[in-house]
Amino acid sequence: MDSQLVKLNPDQIRFIEDDVRKAGIGFSHLETDLIDHICCYVEELMDIGNSFEDAYKKVKKEIGYNNLKYIEIKTILLITKKFETMKTFMKITGISGISLFLISLIFKMNHLAGANVLFLLGVICIAFAYIPSLLITVKKEKLIKRNIHVFYSAAVTVFLFLITYIFTVMHWPYKSYMILLIWISTFVFILLLFFSAIKIQENRIINLSAVLILTIIVALNIFSYSITDRNSQNEIRVLEYNLKESNEYFSHKTEELKHQFKTKIDDSVNPDNYKDLVNRTEAILNQLESFNNKLFPDERKLHNYNKSILKPYIKKGSIQDEAINLEVSVRAYQESILDFTNKYNITTLDQYIRRSVIFSQIDFNQNSVVVYNNIQRLQRDIRILESEILGEILRKSDS
Amino acid sequence: MIEKQLLKGSLKSIVLKLLKEHDRMYGYEITQKIEDLTNNKIKLTFGALYPILHKLEYDGDVITESEIVNNRTRVYYKLTTKGEKTAKLKISELKEFIETLTVIINADYGFAIG
């Protein structure tokens with residue numbers, strides 16, 4: 001509908017624009033709407049014979065330029081009426097999330113129970129309540145006018161970080177895919193940040209340097225991540241190899257000693273008793289072995305372990321029951337060995353038994369790979385003990 | 001001239017109806033169209049119109065297109081698919097309201113007044 005004959009010239013339009021801009025309307029495209037509306041109205045009045053000055057004076061009087069700001073306020077009020085609840089929700093969840101993080105930090109520093117639970121609650125609060133309501137608020141209110149995609153990609157990256165934390169704590173599968181997603185979204189975020197930094201004219205060098213520094217930090221992180229992972233993987237392998245070697249050596253030695261027993265001291269030592277020692281040792285070693293198998297049912301997983309396995313070992317479910325059984329058995333074994341050495345007067349080994357055959361050496365506060373290796377170490381110590389005892393008895397019978 | 005207070009609740013539906021009938025419209029065009037259609041009985045001030053248009057845009061019922069016309073930027077408003085549905089609903093609500101009002105106004109209460 002553009003039936004008017006008179007058209008305002010650019011100077012007249014600029015005159016109106018300057019006037020309207022004085023009202024300082026910043027909401028969305030409302031100012032553009034109002035300028036065009038006033039121009040149309042002025043044109044219509046000019047169409048019926050008014051001069052620009054007269055027409056504009058009449059329009060100004062009718063509209064009342066003091067009302068322009070009021071229209072903006074009215075618009076915002078109409079829009080935000082229902083939206084206030086969402087914004088309040090956003091504020092509450094944001095503050096609660098941060099408070100939970102801080103409280104969990106205080107708990108952690110004071111070694112109080114529940115720090116991890118509080119942290120997890122904070123993560124859930126931020127990821128599922130704060131971030132979604134923040135995104136809706138930003139989108140609806142058009143809070144960010146330039147480079148909104150940078151903001152979105154940052155929000156997605158933070159969200160993925162938090163979700164991956166939940167995956168880790170809950171021991172859910174596919175965590176490695178989540179980590180991959182984090183890298184991808186971080187990469188996208190940096191890329192978008194880079195392009196938006198190029199676009200902005202002012203402080204371009206500072207902006208680009210900031211992006212560069214961020215890229216270097218991320219790259220270093222990826223680099224050190226793979227390096228430390230590989231290093232500790234190698235360390236664990238060497239340790240495991242050594243333990244296996246010594247375990248084999250000592251079980252071989254025990255076999256030899258058992259053979260000597262058969263040929264040499266049938267008369268001096270009650271055969272049932274030495275068999276009892278061997279059987280008990282075999283039983284406890286098997287129990288330790290089966291525990292380790294449960295810890296890592298798939299041996300490949302141990303060799304190619306990633307950080308997900310290197311997380312604090314959680315005593316729960318069937319593994320916890322197994323651990324309790326193991327503790328009882330190791331204690332019982334230690335007692336029976338001490339009885340045995342007392343019976344045969346070889347108490348010189350008592351100190352060693354008390355020091356080496358200790359359940360707490362497994363240290364369940366460590367991650368599961370360390371627990372695995374500590375169990376192997378315990379197996380080795382038990383093997384050494386067994387051969388030491390058998391050797392001692394043989395020495396006694398010789399002298 | 002129709003009283004402002006009477007119109008207040010129906011303005012959104014009227015604007016939606018107009019947008020439904022046209023492919024796209026700009027603010028001034030809407031006010032003019034309403035004046036034309038109603039023989040100047042309904043005068044929609046821009047103080048009432050733009051908050052409604054912005055609210056419709058915010059709710060996703062309309063989208064805007066900006067164009068340079070006669071040396072200035074003009075914002076056109078256009079119904080979205082969601083807006084089409086809202087318009088249908090609002091128009092039928094308004095019709096029902098008018099019919100109900102007619103029933104009340106035309107009713108023969110069965111007793112003489114006065």
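This tour moves through a predicted model, one selection at a time.

**Before you start.** Residues are numbered from 1 along each chain as its sequence is written, and chains are lettered from A, ligands numbered from 1, in the order in which they are written. In this predicted model local features need pLDDT of at least 70, side-chain atom pairs count only at pLDDT 80 or more, and totals for chains, interfaces and linings use all residues, while side-chain values use heavy atoms, with hydrogens and water left out.

**Stop 1: salt bridges.** Side chains of opposite charge can pair when their charged atoms come close. A salt bridge here is a side-chain nitrogen of Lys or Arg within 4 Å of a carboxyl oxygen of Asp or Glu. Over all chains, the search finds 23 of them.

Select Asp381(A) and Arg380(A). Their side chains form a salt bridge at 3.3 Å, N to O. Asp381(A) is buried at 9% relative accessibility; Arg380(A) is partly exposed at 24%. (Buried means under 20% relative accessible area, exposed over 50%, partly exposed in between, with a 1.4 Å probe and protein chains only.)

Now go to chain B and pick Asp23(B) and Lys78(B). Their closest N and O atoms are 3.7 Å apart, in a salt bridge. Asp23(B) sits in the loop between helix H2 (11-21) and strand E1 (25-26) of chain B, and Lys78(B) in strand E3 (residues 72-79) of chain B, so the pair ties together parts 55 residues apart in sequence. Helices (H or I, at least four residues) and strands (E, at least two) are DSSP runs, numbered from the N terminus. Asp23(B) is exposed at 55%, and Lys78(B) is partly exposed at 25%.

Next, select Lys82(B) and Asp61(B). This salt bridge spans 3.6 Å, N to O. Lys82(B) belongs to helix H5 (residues 81-106) of chain B, and Asp61(B) to the loop between helix H4 (46-58) and strand E2 (62-69) of chain B, so the pair links parts 21 residues apart in sequence. Lys82(B) is partly exposed at 44%, whereas Asp61(B) is buried at 2%.

Then show Asp36(A), Glu43(A), Arg72(B) and Arg74(B). Salt bridges that share partners join these four into one network.

Stop 2: Select E2(B) and E3(B). They pair in the antiparallel sense over 8 bridges; strands pair if DSSP finds at least two bridges between them. Ser66(B) stands opposite Val75(B) in E3(B). The hairpin has 2 residues between its strands, and Asn70(B) takes a positive phi near 50° there.

**Stop 3: two buried residues.** Pick Ser10(B), in the loop between H1 and H2 of chain B. Ser10(B) is buried at 11%.

Switch to Gln12(A), in helix H1 (residues 10-21) of chain A. Gln12(A) is buried at 16%. Leaving out residues up to four places away in sequence, Gln12(A) touches Met46(A) and Phe52(A) (contact means heavy atoms within 4.5 Å).
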